[in-house]
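Thanks, everyone, for making the time this morning. I would like to walk through one model with you, so please bring it up on your screens and follow along as I go.

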Amino acid sequence: MLIRRATLLDGTTADIRVGVLIDEVGDGLAAAPGERVLDAAGGTVLPGLHDHHVHLRSAAAALDSLLVGPPGVGTKEQLAQALCQAGPSSDGWIRAIGYHESVAGRLDRDLLDAMVPVIPLRIQHRSGALWILNSAALGRIGLAGHPDGRLHSADPSWSAGLPRRETNLARLSGRLTSMGVTGVTDATPDLSAADMESLQEAHRRGEFRPRIRFLAPGKKILHDDRLDLDALTVWISDCHRAGRPVAVHCVTAAQLVVTIAALRAAGSHPLDRIEHAAVVPDDTLTDLCDLGATVVSQPNFVAERGDQYFAEIPAAEHHQLWRIASLLNATVPMALSTDMPFGRDDPWAAMRAAVRRITASGAVLNSTECISARTALAMFLGRPDRPGRGRTITPGQPGDLCVLSQPPAAALAQLDSALVAATIIGGEIVYASRECPRA
Ligand SMILES: [Zn+2]
């Protein structure tokens with residue numbers, strides 16, 4: 001197909017011929033007989049956005065799950081009300097997500113039984129690491145005698161008993177492509193080969209249009225109470241020896257410090273990644289630069305959870321949270337992502353958060369870490385395999401594009417998903433807004 005009158009991010013105008021790859025970029029390209037033409041009318045044409053850290057199955061399930069955390073649900077009364085109004089879904093269960101202790105403290109089966117006595121109910125903690133089940137739910141999965149109903153997500157022994165849910169990947173695909181997303185990296189721990197194959201199969205048959213990349217198997221989640229430098233070093237060495245880069249999830253300062261030490265001892269692979277880096281102490285900046293591992297961050301949590309950070313984290317540590325500018329200044333390779341469904345799935349909202357760092361209540365968290373709109377956008381345009389390296393609109397690049405309704409200056413001023421006029425994957429239009437002019 002031919003895209004006419006495109007404006008590239010550098011301000012130049014061009015026509016773009018795109019198939020599986022970008023074939024031609026030039027002025028006054030003529031449409032071949034029968035060739036589909038899209039008139040960008042001066043709007044920006046970008047490489048399609050890639051969300052570098054997501055959880056696909058959870059995100060699809062979240063589309064029809066009840067949200068029981070802030071800001072929508074903030075008190076125990078609101079939690080009880082939300083749960084009472086919720087009917088069970090087709091599998092007979094209520095599935096709720098996004099819970100945080102600020103709502104009603106530490107949940108257990110007794111608390112849930114008081115609110116939902118009969119229908120099986122499971123609530124996921126916002127961290128994704130924990131589920132809390134009521135007695136009806138525990139009975140269904142053969143754990144009637146469980147002491148408190150708090151079960152770890154990483155433990156497959158109980159989750160195998162859950163009803164199989166038909167997750168709505170097609171709906172998720174529609175949402176993502178409408179925001180210009182043409183690829184995602186699934187960072188779910190412990191994805192089996194069968195899980196990965198079924199997701200790729202959904203992509204091949206067109207149910208899920210964005211391209212899918214997996215972080216598995218070389219990835220690791222750390223736990224503060226079980227940090228073991230030697231074990232982590234051995235694991236990293238083994239992965240590297242097998243030719244596999246690693247992706248280590250670092251949510252706390254302790255996790256980052258141990259990961260840096262382990263990578264130093266084991267040596268690094270050019271494609272190593274550090275996920276989140278939610279807390280970056282000053283003295284780790286040079287180490288991160290030396291290691292060359294790519295940091296994949298989620299600034300959307302500044303907007304989504306910033307008020308909680310202000311309430312719970314000592315002021316002296318605020319400057320360490322979700323840093324971007326100081327990492328870029330230290331020349332650490334970086335990319336952005338949303339961590340959906342644990343973060344909101346809108347990459348444009350994540351970019352705005354990276355630029356403005358404004359919390360829900362309007363406070364600014366650590367303004368020295370703000371970056372420009374252009375930089376924030378570029379951090380969603382990295383290569384799937386090398387998130388810190390940008391893709392470009394040049395012949396030979398993948399035919400995955402995002403067409404905006406506005407030229408670059410206006411688009412960068414707004415950073416809004418509503419600007420996405422069309423999304424193209426492999427030369428095929430997979431989304432077009434109602435206003436998108438087509439010939
Ligand atoms: Zn994640």
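Predicted model: local features only at pLDDT ≥ 70, side-chain atom pairs only at ≥ 80, totals over all residues.

What does D339 coordinate? Together with H53 and H55, each through its NE2 atom, D339 coordinates the zinc ion through OD, at 2.1 to 2.2 Å. H53 counts as buried as well, its relative accessibility being 0%. Along the sequence the donor residues follow the spacing H-x1-H-x283-D. Because H53 sits in strand 6, residues 49-54, while D339 belongs to the loop between strand 18 (334-336) and helix 14 (347-356), this pair ties together parts that lie 286 residues apart in sequence.

Turning to the overall layout, the chain is divided into domain 1, made of 1-46 and 393-438, domain 2, made of 50-55 and 168-390, and domain 3, which covers 65-161. Between the C-alpha centres of domain 1 and domain 3 the distance is 45 Å.

Next, a sheet: five strands, in the order 7-8-9-10-11, form an open sheet with mixed pairing. Strand 7 (66-67) and strand 11 (150-152) stand at its edges with a single partner strand each, so that one side of each has no neighbour in the sheet. Strand 11 runs antiparallel to strand 10, residues 130-133, and three bridges join the two; here W131 stands opposite L151. Packed on this sheet is helix 2, residues 76-85, which touches strand 7, strand 8 (94-99) and strand 9 (121-125), and whose direction makes about 155° with that of strand 8.

Finally, the salt bridges, of which the structure holds 18. One of them joins the side chains of R17 and E24, at 2.7 Å from N to O; R17 is buried, with a relative accessible area of 15%, whereas E24, at 34%, is partly exposed. Another links D238 to R241 at 3.2 Å, N to O, and these two residues, three apart in helix 9 (229-241), are separated by about one helical turn. D238 is partly exposed at 38% relative accessibility, while R241, at 64%, counts as exposed. Elsewhere, salt bridges with shared partners join E197, E201, R204, R205 and E207 into one network. Within that group, the closest N and O atoms of R205 and E207 are 2.5 Å apart.

Notes:
Residues numbered from 1 in each chain as written. Heavy atoms only, no water. Donors = N, O, S within 2.8 Å, 3.2 Å for Na, K, Ca; no water. Helix = DSSP H or I, 4+ residues; strand = E, 2+ residues; numbered from the N terminus. Buried < 20%, exposed > 50% of the residue type's maximum accessible area, 1.4 Å probe, protein only. Domains from an automatic or database assignment. Pairing = 2+ DSSP bridges. Contact = heavy atoms within 4.5 Å. Axes fitted to C-alpha atoms, helices over the stretch in contact; angles between N-to-C directions. Salt bridge = Lys/Arg side-chain N within 4 Å of Asp/Glu carboxyl O.
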